[in-house]
Amino acid sequence: MKLLQIKMYKRINYIAAIIVLVCGLSAQAQVTTSSPYSRYGLGNIKGSLLPQFRAMGGISTAVSKVTGFNNINMQNPASYAGITLTTIDIGMSASVTNLTRNNLSESSFNSTFSHLAFAAPVTRRSALSFGILPYSDLGYNYRNTVKVDTTTLNQLYEGEGGLSKAYLGYGYRFGDHLRIGGNLEYIFGNLQTSRATEFNSVGSYNAKLQTKNSVAGLSYSYGIQYDFTLGKKTIVTLGYSGSTSGKVNSTLSSYATLYTRDQDGNESTAADTLNAVNNGKSNLTLPLTHNFGIAIQQNDKWLIGADFRMGKWSKTSINDVNQGLQDSWGASLGGQWTPDAFSYNSYMKRIDYRIGFNYDKTYIKIGNQDIKQMGASLGFGFPLPTANGGTAFYKINFTTELGQRGTLNNNLVKEQYINFHLGFTLNDTWFRKYRVD
């Protein structure tokens, strides 16, 4: 009995350590992106993907358990029904971004906490999961120079912030082939933007509009997966997941001010406030989304899959004002190969090797130019040794994504990036009932 108590204390301490780490990472959070395209809509949409799925190009809709290891796939909550061990996943991400326009370029580096997710079986046919991860991020600072008659004007655009998503989900398995599930999601965060028009002359009155949208509300997502068996070891899985279109409550504050700049370029205190709205009631309309996927896998060996996704972003509005976005769609292709998950004499054979590709027509359209995004990814799952022959299984998942968004056509910006994702996954037999004779 004392041994069971000691194990439980260790697990409680483990959870406490994770919570402290997450709080510390959140407290050190910085601006998580430097992209002029994050000015549009809700910013850069992150997607509900852990590093092991990003490494496969983002395929996830038809993915449940891979090589016998439990992974938390919140993109399709039906997958929770396949979880047989208590699973914890925590991670960080970093990015290097290079922006190019008119033969000018600028590079930046950002890093942040990426996710914390927990899942555990409830019955032999079901499991629940909860966690927190980014929903979107916002970060840009750039200017345009225009000429009106003989007057030169500078247009300044700034933005920072983003939205996060906390979720609680449940999945259930019917028979041996059908799984369904759903997530209750709480979307929250701040979107802060500023745009100003300035004259080149010192002492001229310039105008600025600052807005802050504080979002806090519920959303829902759902999913289904169905397995077909081919032979004794090969499984084909079809999957679908989606999210509802609904309004999320928010409060909107905005300030329109006049200001000047001195000879050194320093901005003065606002000379006059033309308009001010403090914490006015507002709302945010989220899009209806659909994800379709297929995956083929041979148990404990390999998996390949493809996803197709679409979003009804043309209906997105803030404070009942349509944001001028277009409907989006995208596709992913990827897979994983594990030479021998149970090898005793070769660590390299136990490593998961992952590769993937993705292409998206984003919800941004500037003029007549669609803003497209494409990339390739490579990742590894490094198993860690289990101490003293215990029941726990550990894995470090590392992913690198290389891609680009935008174009140099029509005086636009090409954005090239390298993203790094690091996750730590634990599988263990927590909450199991023990018999004591």
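This is a predicted model: local features need pLDDT of at least 70, side-chain atom pairs count only at pLDDT 80 or more; totals for chains, interfaces and linings use all residues.

Q: How many helices and strands does the protein have?
A: There are 3 helices and 19 strands. Of the 437 residues, 47% are buried. Also, among contacts with a separation of 6 or more, 66% link residues 24 or more positions apart.

Q: How do you find empty space at all?
A: You roll a probe the size of a water molecule over the atoms, and that shows where empty space is left. A cavity is a space where the probe fits but cannot get out, whereas a pocket is open.

Q: OK, how many cavities of 30 Å³ or more are there?
A: The count is 1. The largest cavity holds about 40 Å³ of space.

Q: Which residues line the largest cavity?
A: They are Gln52, Phe53, Met56, Val66, Asn71, Gln336 and Arg354. By class, that lining has 3 nonpolar, 3 polar and 1 charged.

Q: And the second largest pocket: how much space lies in it?
A: About 920 Å³. Its lining has 40 residues, and those nearest the centre are Pro36, Tyr140, Asn141, Tyr142 and Arg143. Strands that give two or more residues to this lining include S2 (86–101), S4 (126–148) and S7 (206–230).

Q: What classes of residue make up the lining of the second largest pocket?
A: You'll find 12 nonpolar, 21 polar and 7 charged residues there.

Notes:
Residues are numbered from 1 along each chain as its sequence is written. Side-chain values use heavy atoms; hydrogens and water are left out. On a 1 Å grid over the protein atoms alone, a cavity is a set of points where a 1.4 Å probe fits but cannot get out, and a pocket is an open set with protein on both sides within 12 Å along at least five of seven lines; lining residues have an atom within 4 Å of a point. Grid points are joined across faces, edges and corners, and a volume is the space filled by probe spheres set on the points. Helices (H or I, at least four residues) and strands (E, at least two) are DSSP runs, numbered from the N terminus. Ala, Val, Leu, Ile, Met, Phe, Trp, Tyr, Cys and Pro count as nonpolar, Asp, Glu, Lys and Arg as charged, and the others, Gly among them, as polar. Buried means under 20% relative accessible area, exposed over 50%, partly exposed in between (1.4 Å probe, protein chains only). Contact means heavy atoms within 4.5 Å.
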